[in-house]
Amino acid sequence: MGRVIAAGVALGFCAVLLGAPPASADSGSLGVQVSIDHRPIEDATVAIDPANQVELQVTATNSGTAPVKVRSVRLSGVALALTFFAYDTTAPFEVPARGSVTRTFVLDLGDLTGQATGLLPSSVELLDAQRATLGEATTVADVRGSLWSVYGVFGLAMLVLTILAWATALLALARHRLAPNRWRRGLRFLPAGFGTGLVAVISLSVLRLVPPEPAVEIPVVLGAAAIAFLLGYLTPHPAPPAVAESDTTVRLAVPNTQEFTR
């Protein structure tokens with residue numbers, strides 16, 4: 001059971017560090033300015049209510065010497081390097097050289113309720129025919145979704161795994177079953193620390209306090225893991241097994257002396 005818990009927490013941690021896709025080589029060939037419901041998204045937190053349609057206005061600026069063809073527009077939200085929602089709208093248009101084009105789209109995000117909730121780093125990308133990114137604008141979306149969305153359930157699953165990880169580590173400590181080596185004792189507590197950091201990041205996001213951006217999530221997860229490892233490292237040495245005292249008693253055979261009387 002302990003190995004299964006550790007594997008589940010480790011997968012969540014690997015998603016934080018390794019799950020981000022590499023940027024496209026064509027990224028940035030267009031400048032992009034975006035407004036959602038007539039509000040610019042740059043340096044702002046944009047509220048998205050899945051119950052209402054969203055009006056997305058995109059202005060693409062081409063500073064190059066050749067026209068650029070845009071095939072589709074994508075609105076997506078990412079947390080812990082995992083994409084929790086993505087909406088693509090196919091609307092081909094061409095941005096002339098040293099010119100700009102403005103397009104307006106109406107998005108129906110009704111099923112976003114079951115995909116995410118809370119603060120999520122989001123982006124609006126312009127894609128070409130090969131699905132490469134031509135340009136993007138980033139923001140933080142305040143998604144008014146359900147706690148039972150994919151993102152919410154992911155957080156609850158991490159919470160359960162983290163509780164189990166702490167329970168198994170502390171139970172082993174109470175039963176004096178931790179390894180005699182301090183480093184191994186620290187590693188026994190490490191998955192619980194990773195899980196605690198992941199749960200903290202997701203909770204801050206769902207409670208709409210701090211979005212799970214890399215500058216926040218990586219220090220929180222690594223800090224919690226380091227504290228848990230240190231706690232395990234400093235746990236007392238497990239008591240050695242009690243040496244059973246031998247019940248054998250050395251008995252001296254003393255011959256019985258009998259007095260013979262005549």
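This is a dialogue on how to read some features of a predicted model.

Student: Which elements make up the protein chain, and in what order do they run from the N terminus on?

Tutor: The secondary structure of the protein chain comes to four helices and nine strands. From the N terminus on, the order of the elements is α-β-β-β-β-β-β-β-β-β-α-α-α.

Student: What percentage of the residues of the protein chain count as buried?

Tutor: The protein chain has 262 residues, and 39% of them count as buried. As for contacts with a separation of 6 or more, 74% join residues 24 or more positions apart.

Student: How do I read the packing of two helices?

Tutor: Two packed helices are described by the angle between their axes and by the distance between those axes. Take helix H3 (residues 182-206) and helix H4 (residues 214-234): their axes are 6 Å apart, and the packing angle is about 150 degrees. An angle over 145 degrees counts as roughly antiparallel, and H3 and H4 are therefore roughly antiparallel to each other.

Student: In what kind of crossing does H3 pass H4, left-handed or right-handed?

Tutor: The crossing of H3 past H4 is right-handed. In the contact of H3 with H4, 16 residues are nonpolar, five are polar and three are charged.

Student: At what angle do the axes of H2 and H3 cross?

Tutor: The axes of helix H2 (residues 150-174) and H3 cross at roughly 150 degrees and come within 8 Å. That makes H2 roughly antiparallel to H3. H2 passes H3 in a left-handed crossing.

Student: Which residues in H2 and H3 meet?

Tutor: On the H2 side they include Tyr151, Phe154, Met158, Leu159 and Trp166, and on the H3 side they include Phe189, Pro191, Leu198, Val199 and Ile202. The residues of this contact of H2 with H3 divide into 16 nonpolar, seven polar and one charged.

Student: How do I read a salt bridge?

Tutor: Side chains of opposite charge can pair when their charged atoms come close. In this structure the count comes to four salt bridges. One of them joins Asp88 and Arg74, with the closest N and O atoms 2.9 Å apart. The pair links distant parts of the chain, with Asp88 in strand E6 (residues 82-95) and Arg74 in strand E5 (residues 68-79), 14 residues apart.

Student: What is the relative accessibility of Asp88, and what is that of Arg74?

Tutor: Asp88 has 37% relative accessibility and so counts as partly exposed. Arg74, at 22%, also counts as partly exposed.

Student: With which residues does Asp142 form a salt bridge?

Tutor: Asp142 forms a salt bridge with Arg144, where the closest N and O atoms are 3.1 Å apart. The side chain of Asp142 also meets that of Arg208 in a salt bridge, at 2.5 Å from N to O. Asp142 lies in strand E9 (residues 133-143) and Arg208 in the loop between H3 and H4, so this pair ties together parts that are 66 residues apart in sequence.

Student: Is Asp142 buried or exposed?

Tutor: Asp142 is buried, because its relative accessible area is 10%. Elsewhere, salt bridges that share partners join Arg74, Asp88 and Arg131 into one network.

Student: Where is His176 found?

Tutor: His176 is found in the loop between H2 and H3. His176 is also not a glycine and has a positive phi, of about 60 degrees.

How values were computed: Residues are numbered from 1 along each chain as its sequence is written. This is a predicted model: local features need pLDDT of at least 70, side-chain atom pairs count only at pLDDT 80 or more; totals for chains, interfaces and linings use all residues. Side-chain values use heavy atoms; hydrogens and water are left out. Axes are lines fitted to C-alpha atoms, for helices over the stretch in contact, and angles run from 0 to 180 degrees between N-to-C directions. Helices (H or I, at least four residues) and strands (E, at least two) are DSSP runs, numbered from the N terminus. Angles under 35 degrees count as roughly parallel, over 145 as roughly antiparallel, 65 to 115 as roughly perpendicular and the rest as oblique. A crossing is left-handed if the near helix is turned anticlockwise from the far one by less than a right angle, and right-handed if clockwise. Ala, Val, Leu, Ile, Met, Phe, Trp, Tyr, Cys and Pro count as nonpolar, Asp, Glu, Lys and Arg as charged, and the others, Gly among them, as polar. Contact means heavy atoms within 4.5 Å. Buried means under 20% relative accessible area, exposed over 50%, partly exposed in between (1.4 Å probe, protein chains only).
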